[in-house]
Amino acid sequence: MLHSYLTQIRMNLLLTLRNRVALFFSYIFPLIFFGVSSMGGGGGNSLQVLNIVLGLGVLGGGLFGVGIRAVQDREQNILRRFKVAPIGPGEIIVSGMVTALALQIPNIIFMVVLAHSFLGAPWPTQPFSLLIFVCLGLLAFASLGGIIAALVNSMQEGMLLTQLFYFPLLFLGGITFPITGFPAWLQTVAQFIPSTYFSSGLQPILRGKETVLDNLPAAGALALTGLLGTFLAAKLFRWEKEDKLRPSAKLWLLAVLGPFIVLGAWQMHAKTNIAKAKVLGRDVQRSRVALIHDARLFLGDGTVIDQGSVLIKDGKIAEIYTGAAPDAKTLRADSIEAAGKTLLPGLIDVNMRLSLPGIPISESEYFQNLDQNIDRELAAYLFSGVTAVKSVGDPQQMVLKHQATIASGERLGAEVFADVSPSTKVVDGNTYEPMLAAGEALQAYVEGKTDLLDRSLVQQVVPRKWFAQVKDSLASAQSQREALRARSIRSDVAQQKLAAAYRAGVMLVAGSGGGTPMVVHGPGIHHELQLWVQTGIPPAAALQGATFNAARLLRADQRIGLIRKGYEASLLLVDGNPLQDISATERISTVFFKGERVNRADIFEQK
Amino acid sequence: MQTVIHVAGLHKAYGDFEAVRGIDFDVAEGEVFGLLGPNGAGKTTTVEILEGLRPRTQGDVKVLGFDPEISKRDLKNHIGVCLQATNLPDKLRVHEALDWFAAFYSQRADRNKLLQRLQLWEKRNEFYSQLSGGQKQRVALALALVNDPNLVFLDEPTTGLDPQVRLEIHTLIEELKAANRTVLLTTHYIEEAERLCDRVAIIDQGKIVALGSPRELQERIFGQSRIEVVTAQPMFGELPTFEAVAKQALSDDFKTLVVHSTRPARTLPDLIKWIDQKGFELEDIHLKRPTLEDVFIELTGKKLRD
């Protein structure tokens with residue numbers, strides 16, 4: 001029995017190795033794909049290329065390997081010869097599956113080696129998880145192919161039906177590009193497709209972020225489909241074209257997809273896999289390689305490089321070049337031209353409140369959709385080049401929730417630091433946080449002035465409809481505003497204190513007080529810096545207060561707040577030179593967040 | 001002698017269509033048994049039931065003591081089968097094909113001897129696609145013998161082959177017979193059945209219409225020789241009644257007389273004597289013994305080959 005299995009597998013392998021077409025598609029094709037993707041330049045990540053090649057290999061090798069081979073053998077009357085020998089359909093199907101595995105696994109190792117040696121991809125840190133997951137995927141797709149083979153009557157029909165499965169599995173399953181680009185309904189449809197679960201497991205396993213155990217439902221569904229499919233493929237197996245097939249047999253194909261129909265139905269409610277897909281899509285964006293070249297660099301600690309370039313890789317600053325920039329192509333990086341621009345560390349706002357609108361509007365409306373409004377505020381920060389914020393005075397639960405969705409990458413927004421110590425303007429004897437913008441805004445609010453809302457960046461981030469409510473809100477809040485009048489701080493006093501602190505060498509830290517009426521989340525910090533410079537603080541010192549000093553205050557200065565090798569690639573590229581004209585920080589060219597080039601145009605339209 | 005195949009009251013229906021309608025026969029050990037019949041007569045269905053490839057609707061079947069429907073795998077393990085129109089993968093070498101199939105069976109013939117016996121030794125390292133039609137058929141026969149079976153089913157083993165190869169295959173079947181192997185042969189070639197088969201069953205429309213040795217069939221079913229005489233003058237006048245003659249008929253121009261006789265050695269002198277007496281001039285004379293084909297046409301009204 002075992003002997004006949006082994007012989008069957010050995011002969012299958014031998015025949016495949018003698019088949020030039022099969023060899024071409026398994027071994028030469030990926031080589032060409034690697035060649036093309038490594039020549040094409042651009043900052044596409046090597047792991048992403050590997051991910052696509054592996055996905056193609058597993059899907060193609062699985063679907064086409066066992067099934068089409070069986071149809072071909074049947075059409076050429078080869079199976080007829082086996083029919084009279086003491087061997088059953090089960091042995092033929094199972095050894096076909098094992099052959100597909102035995103052929104694809106060296107192939108997959110080959111591709112990993114190729115990606116490593118030609119594209120510089122790291123070795124997989126979870127090789128066993130990768131192996132197991134790839135095997136499960138192969139089995140599931142191979143069993144689908146086996147059933148298709150049993151259902152069709154000719155090679156043409158077989159190719160057609162297999163392709164009818166192949167292309168949706170390939171394109172809708174997120175193997176070639178992330179499903180997060182799809183409209184919402186199509187994302188839901190994708191949750192019924194086996195390859196969606198395969199790709200959403202393969203990618204993080206390949207990146208070493210997850211193991212098979214983190215993908216148990218997906219692995220389980222693939223295994224179940226593999227087993228069910230193998231059983232049914234053996235059950236429906238046809239030695240000859242003349243063997244009759246019951247019309248109901250086509251329904252079995254649906255039965256095999258049963259585990260995924262169940263998963264899909266569950267996902268329609270849970271949506272965890274769509275969230276995961278967003279994270280995976282984010283990972284792809286964050287892992288791109290980019291060279292921002294020929295910019296003026298403000299490193300965060302006051303150092304300025306007049307002409308320099310920064311290489312971003314895997315979400316980190318990989319290299320800083322002084323003087324003439326290296327060639328982006330040879331670095332396999334996207335080239336970002338930055339001549340005449342200034343690159344700063346992403347700004348940090350150490351004092352803001354998420355659960356306040358920052359603009360006088362109807363409170364009931366604001367609190368009704370609080371979570372969405374907070375998402376928008378964090379997006380507004382990132383839009384404004386602020387890559388980290390510290391929440392002050394928000395409910396802790398709420399902060400943690402939004403912190404998590406940003407941290408996972410599910411949503412795009414500024415990184416949130418929770419308030420660990422009670423808010424004080426003076427954190428310790430050596431730190432001073434003047435909050436000029438908040439003081440000025442409160443004054444304006446009390447007086448009913450709205451000119452702070454006319455600023456360009458404010459107009460860009462606040463929803464249009466809110467501006468219409470400002471007048472009425474101010475009127476209805478008349479008494480509250482009067483009550484605040486007594487508490488308002490005179491700005492000349494605040495400015496004097498700031499000047500004194502600067503002279504005394506105290507560490508200055510920028511906090512906008514975002515959320516305060518007339519301090520909009522994001523633009524507020526830019527205005528704060530402008531107010532500092534008006535007080536006489538040199539622009540470099542002001543910028544340091546919103547970058548390196550702020551990171552020190554947040555005790556995060558080992559990873560953000562500086563342009564330094566190994567630091568997170570959360571950066572702000574602005575037109576002009578804010579060291580001469582501080583308002584240049586508002587003329588934002590590009591924002592980078594953890595290596596991702598933020599698509600500012602769509603940031604308020606996140607699905 | 002032991003019974004190797006036993007078939008009694010075999011029926012097979014596909015929906016409303018009855019392909020086999022009550023077939024009975026036994027095949028003894030060492031016998032070469034032929035199944036003759038026109039296309040669609042039910043021979044392939046019968047053979048496939050015996051080989052364990054198809055379930056039957058009704059009837060008793062025992063092959064090598066196994067019920068083919070129940071002990072499919074055991075049966076397949078002990079028989080050798082050469083089906084029509086089977087193929088092997090193009091890039092398979094001859095000796096690999098033999099080893100591959102041998103792996104499925106519990107007992108194996110000596111591969112090299114088999115290759116030599118089938119004159120494939122020189123071709124053992126060739127790819128299947130490089131072989132001629134006759135060589136492919138010899139490979140198919142070799143595969144039917146890889147398990148050194150006691151019972152071999154050969155389905156039209158020589159169809160479409162040139163006379164030389166056909167002769168070689170006939171020799172092989174004779175060798176099998178000499179080695180006391182049982183062979184069940186279906187064929188279109190009457191000469192093949194006449195030459196090789198100990199017994200022949202003629203099947204038509206799902207039933208056996210005749211069963212016996214080729215000679216028995218020739219004699220029992222249509223045991224007369226056909227004598228044909230042609231004269232220069234019309235044979236006017238009353239024909240005498242010859243001894244041992246079943247049927248006689250004169251052509252329309254009275255010049256050709258056809259006589260069917262059970263004892264041609266007796267009838268022929270009588271006939272010539274009569275022609276002499278009448279003073280007719282004898283122009284031509286034929287004596288023809290009936291062939292299995294005549295039997296076949298007589299029984300089924302069909303030709304075997306069109």
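A: In chain A of this predicted model, residues 24 or more positions apart account for 80% of the contacts with a separation of 6 or more.

Q: And how much of chain A counts as buried?
A: Of its 607 residues, 52% count as buried.

Q: What are the dimensions of the box that chain A fills?
A: Taken along the principal axes, the C-alpha atoms of chain A fill a box of roughly 100 × 55 × 35 Å.

Q: How many helices and strands are there in chain A?
A: Chain A has 24 helices and 13 strands.

Q: Let's take a helix pair, then: how do H3(A) and H6(A) cross?
A: Helix H3 of chain A covers residues 46-75 and helix H6 of chain A covers residues 127-151; their axes come within 7 Å and cross at roughly 35 degrees. The crossing of H3(A) and H6(A) is right-handed.

Q: Which classes of residue make up that contact of H3(A) with H6(A)?
A: The contact has 16 nonpolar and seven polar residues, and no charged residues.

Q: Switching to sheets, in what order do the strands of the three-strand open sheet in chain A run?
A: The order is E6-E7-E8, and the pairing is parallel. Strand E6 (347-352) and strand E8 (415-417) of chain A are the edge strands, each of which pairs on one side only. On average, and with direction ignored, neighbouring strands of this sheet are turned by 20 degrees against each other.

Q: How many bridges join E7 and E8 there?
A: Strand E7 of chain A, residues 386-391, pairs with E8(A) in the parallel sense over three bridges. As one example of a bridge partner in E8(A), A:Lys390 has A:Phe417.

Q: Which helix packs on that sheet?
A: Helix H16 of chain A, residues 396-408, packs on the sheet and touches E7 and E8 of chain A, while its direction makes about 150 degrees with that of E8(A).

Q: Over to chain B: how is chain B divided?
A: Chain B is divided into domain 1, residues 3-219, and domain 2, residues 224-289. The centres of these two domains of chain B, taken over C-alpha atoms, are separated by 45 Å.

Q: What is the strand order in the four-strand open sheet of chain B?
A: The strands follow the order E11-E12-E10-E13, with antiparallel pairing. At the edges are strand E11 (245-250) and strand E13 (282-288) of chain B, each pairing on one side only. Neighbouring strands of this sheet are turned by 15 degrees against each other on average, direction ignored.

Q: And how many bridges link E10 with E12 in chain B?
A: Strand E10 (residues 225-231) and strand E12 (residues 256-261) of chain B pair in the antiparallel sense over six bridges. In E12(B), B:Ser261 is the bridge partner of B:Ser225.

Q: Which strands does helix H9 of chain B touch?
A: Helix H9 of chain B, residues 264-278, packs on the sheet and touches E10, E11, E12 and E13 of chain B; the direction of H9 makes about 15 degrees with that of E10(B).

Q: Last topic: how many residues of chain B are in contact with chain A?
A: There are 21 residues of chain B in contact with 17 residues of chain A. On the chain B side, the elements that give two or more residues are helix H2 (72-78) and helix H3 (94-102) of chain B. By class, that side of chain B has 13 nonpolar, three polar and five charged residues.

Definitions and conventions:
Residues numbered from 1 in each chain as written. Chains lettered and ligands numbered in written order. Predicted model: local features only at pLDDT ≥ 70, side-chain atom pairs only at ≥ 80, totals over all residues. Contact = placed C-beta atoms within 7 Å. Nonpolar A, V, L, I, M, F, W, Y, C, P; charged D, E, K, R; others polar. Domains from an automatic or database assignment. Pairing = 2+ DSSP bridges. Axes fitted to C-alpha atoms, helices over the stretch in contact; angles between N-to-C directions. Left-handed = near helix turned anticlockwise from the far one by under 90°. Buried ≥ 20, exposed ≤ 12 C-beta atoms within 10 Å, placed from the backbone.
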